[in-house]
Amino acid sequence: MLRTIQIGAHTLAQGLFVRSLGNGRIEIDAGAERISGYPVAASAALPARNLRGALVAAVAAIALAFGGNGPAQAQDSVELLNVSYDPTREFYRDYNELFKAWWIAQGNAPVSIQQSHGGAGAQARAVIDGLQASVVTLALSADIDAIAERTGKIPADWQSRRPHNSSPYTSTIVFLVREGNPKGIADWDDLVTGDVQVITPNPKTSGGARWNFLAAWGYAQQNGLDPRTFVSTLYQNVPVLDTGARGATTTFAQRGVGDVLLAWENEAFLALKELGEDSFDIVVPSVSILAEPPVALVEGNITSDAQRVVAEAYLEHLYSPEAQALALKHFYRAWDHSAAAPEDSARFPQVKLVNIADFGGWPVVQKEYFGDGGIFDQIYKE
Amino acid sequence: MSVVPLSRPVPVTTEPRPTRHLLIGLAVGFVALFLFAPLVTVFAEALRQGWVASVQALASPDARSAIRLTLIVAAITVPLNAVFGIAAAWAITKFDFRGKAFLITLIDLPFSVSPVVAGLALILLVGANSSFGAWLAANDLKIVFAFPGIVLATMFVTFPFVARELIPVMVEQGRAEEEAALTLGASGWRSFFTVTLPNIRWALLYGVLLCNARAMGEFGAVAVVSGKIRGETTTMPIMIEMLYNEYLSVAAFSLAAVLALLALLTLLLKSLLEWRHADLLAATRRH
């Protein structure tokens, strides 16, 4: 304990308390030497002591409040980190619980699953930079290709290793408009008129935004329009490019910017559910795109056989009827309707879907359309 | 001869009364509109569904771990930056050496560099694609997208606060008192604890409080290196953004309110210390 003593008429000394000398004086250790003198009353002591006391007290309080329970969690059970894209938050929150319960029911030890969300491109970038994802569940295969190509942690043929192009659920792109559709938006060609503000995220960082871009492109192709001019005109109506799909939804729904949001179908349904069905309407365009958000195991980040088994099972179980029902419940177009509630199963309107294969597949599309100096860069400069 | 006291105090301002009132009103209005109103909104939004909902939101494991992580990060970075800040200020004000101006510029660097750049620099330095990062990964040491990265990013951003508060005070005080202590035979440590530290304690306190507020509130640099793993690497500011994006406004604003309360607590602590030691403070200022 730090004490202050009087050693002269106007001189104080401060140091660690050593012992009491009986006659009211105390001895302190002042660094190089020991000094004795009468202690100064607490109120007159140097505030430096109080400051230090306060600091010590604060640190002690924190240590007490949180015990030894630091940010490093106990490492006894297997841990998985699922690095995912923006709109899957609600789905994976439920799926992780479903999987954990199922895994224990199979007679296994409990696992802990950690979850990370962000724009798909940004998330892929983080994995490339060293985020220790055990599995990635991103918005489109190009993002997983990027990880495979740059780190070698995912085998090049990852997409053919699981059913349906490694996409346990699919979605499409729809329009979310304000209640009553005041601008009368019915199809893509209503988005290129002068007075409509369109909200869509940045295709450079958001997977959903790339699907939006391609869906618009597909519509123009199907209707004999020049796709480049069409998409270019559309992007002139975009006042702000968010980094991720969820950011764009927030911009449109909660900040009230824009007339129409180009959104994942699941994101649009979720916005209706969370923010009130009487605030927005969903408009399904005549043509959209089959959006396949794929999943993959990040082989290079797997640290033990036990972790590999759990990670494989985690991805495999996404195709189980229960998980598929959960995906349908969270507004994804899943493949297996056998365990789904009827209203979840019947929700999705029929729409003519173009396929990424029509564009030449993601490796080609990513480079030509969204690469540095690609078509998106060119039209955004115009 | 006695001095006759003036019946009225001499006016020290020459502006007419309406001008004064207008200026004061403008200042108060500005503070109310841009500082107070947003703060009130945060609390109002947090309590929109009542206390119970707020407390429940804060009791969720994710929110608790975010609060814990933020406090631990502050508890590590603030003392370290206090020590480094004192050392840097000491070196700059008590010694003459070549490159001093450069060192001062370097200390100011985190003020002028955008936090995002700071975060990205950390990733470039120790991320998986740097040779150092590869070595770390090979030895199973996690820095970016883990707890150490968050601490490093926070330290970088908050580094100047203590040093910047101390340097002007220490320059003003000069070296005479330390030199006197030395001639009286005091050791370096003793002259530091009995002469320097009491002289700089208030500046140090301000520095530490500012440093603490920023350490708890830092978003940009931490967001880049956090990896956003729920319940693991999400500090309070990051968790607030995540919750808001998940349509969980009550939870987001409850956490924001806690962050604001922590900042207010810091300010309260500062005021309390000032009030308790007002006489000593005045004495130091006269120095």
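## A buried helix in chain B

In this predicted model, the buried residues of helix α12 of chain B pack against α8 (245-253) of chain A, and also against α3, α10, α11 (220-226) and α13 (249-276) of chain B. The helix α12(B) covers residues 236-245, and because eight of its 10 residues are buried, α12(B) is largely enclosed by the rest of the structure. The buried residues of α12(B) are B:Met236, B:Pro237, B:Ile238, B:Met239, B:Ile240, B:Met242, B:Leu243 and B:Asn245.

After α12(B) comes B:Tyr247, a residue with a positive phi near 65 degrees.

## Two crossing helices in chain B

Two of the helices that α12(B) packs against, α3 and α10 of chain B, also make a contact with each other. Helix α3(B) spans residues 61-94 and helix α10(B) spans residues 188-217; their axes come within 9 Å and cross at roughly 145 degrees. The crossing of α3(B) past α10(B) is right-handed.

On the α3(B) side, the residues that take part are B:Thr70, B:Val73, B:Ala74, B:Thr77, B:Val78, B:Asn81, B:Ala82 and B:Gly85. They meet B:Leu204, B:Gly207, B:Val208, B:Cys211, B:Asn212, B:Ala215 and B:Met216 of α10(B). Sorted by class, the residues of this contact are nine nonpolar, six polar and no charged.

Helix α1 of chain B, residues 17-46, contains B:Ala32.

## Chain A as a whole

Chain A has 382 residues, of which 44% are buried. Its secondary structure consists of 14 helices and 16 strands. Among the contacts in chain A between residues at least 6 apart in sequence, 66% join residues at least 24 apart.

## The domains of chain A

Three domains are assigned in chain A: domain 1 (2-66), domain 2 (78-169 + 293-348) and domain 3 (172-290 + 354-381). The C-alpha centres of domain 2 and domain 3 of chain A are 25 Å apart. The contact involves 20 residues from domain 2 of chain A and 21 residues from domain 3 of chain A.

Which elements give two or more residues to the side of domain 2 of chain A that touches domain 3 of chain A? They are α3 (120-128) and α4 (141-151) of chain A. Helix α4(A) supplies four residues, the largest share of that side of domain 2 of chain A. By class, the side of domain 2 of chain A that touches domain 3 of chain A holds 10 nonpolar, five polar and five charged residues.

## A helix pair in chain A

Helix α6 (residues 207-222) and helix α7 (residues 227-236) of chain A pack with their axes 8 Å apart, at an angle of about 135 degrees. The two helices α6(A) and α7(A) are therefore oblique to each other. The crossing of α6(A) past α7(A) is right-handed.

From α6(A), the contact uses A:Phe213, A:Ala216, A:Trp217, A:Ala220 and A:Gln221, while α7(A) contributes A:Pro227, A:Phe230, A:Val231 and A:Leu234. These contact residues of α6(A) and α7(A) comprise eight nonpolar, one polar and no charged.

## Individual residues in chain A

A:Ser166 is not a glycine, yet it has a positive phi of about 60 degrees. A:Ser166 is found in helix α5 (residues 163-166) of chain A. Why does A:Ser166 count as buried? A residue is buried if 20 or more other C-beta atoms lie within 10 Å of its own, and A:Ser166 has 21.

A:Asn181, likewise not a glycine, has a positive phi of about 50 degrees. A:Asn181 lies in the loop between β9 (173-178) and β10 (198-199) of chain A. With 17 C-beta neighbours inside 10 Å, A:Asn181 is partly exposed.

A:Ala341 belongs to the loop between β15 (333-334) and α12 (342-345) of chain A. Because A:Ala341 has 12 other C-beta atoms within 10 Å, it is exposed. The C-alpha atoms of A:Ala341 and A:Ile302 are separated by 36 Å, and the two residues are 39 apart along the chain.

Key. Residues numbered from 1 in each chain as written. Chains lettered and ligands numbered in written order. Predicted model: local features only at pLDDT ≥ 70, side-chain atom pairs only at ≥ 80, totals over all residues. Domains from an automatic or database assignment. Contact = placed C-beta atoms within 7 Å. Nonpolar A, V, L, I, M, F, W, Y, C, P; charged D, E, K, R; others polar. Axes fitted to C-alpha atoms, helices over the stretch in contact; angles between N-to-C directions. Left-handed = near helix turned anticlockwise from the far one by under 90°. Parallel < 35°, antiparallel > 145°, perpendicular 65-115°, else oblique.
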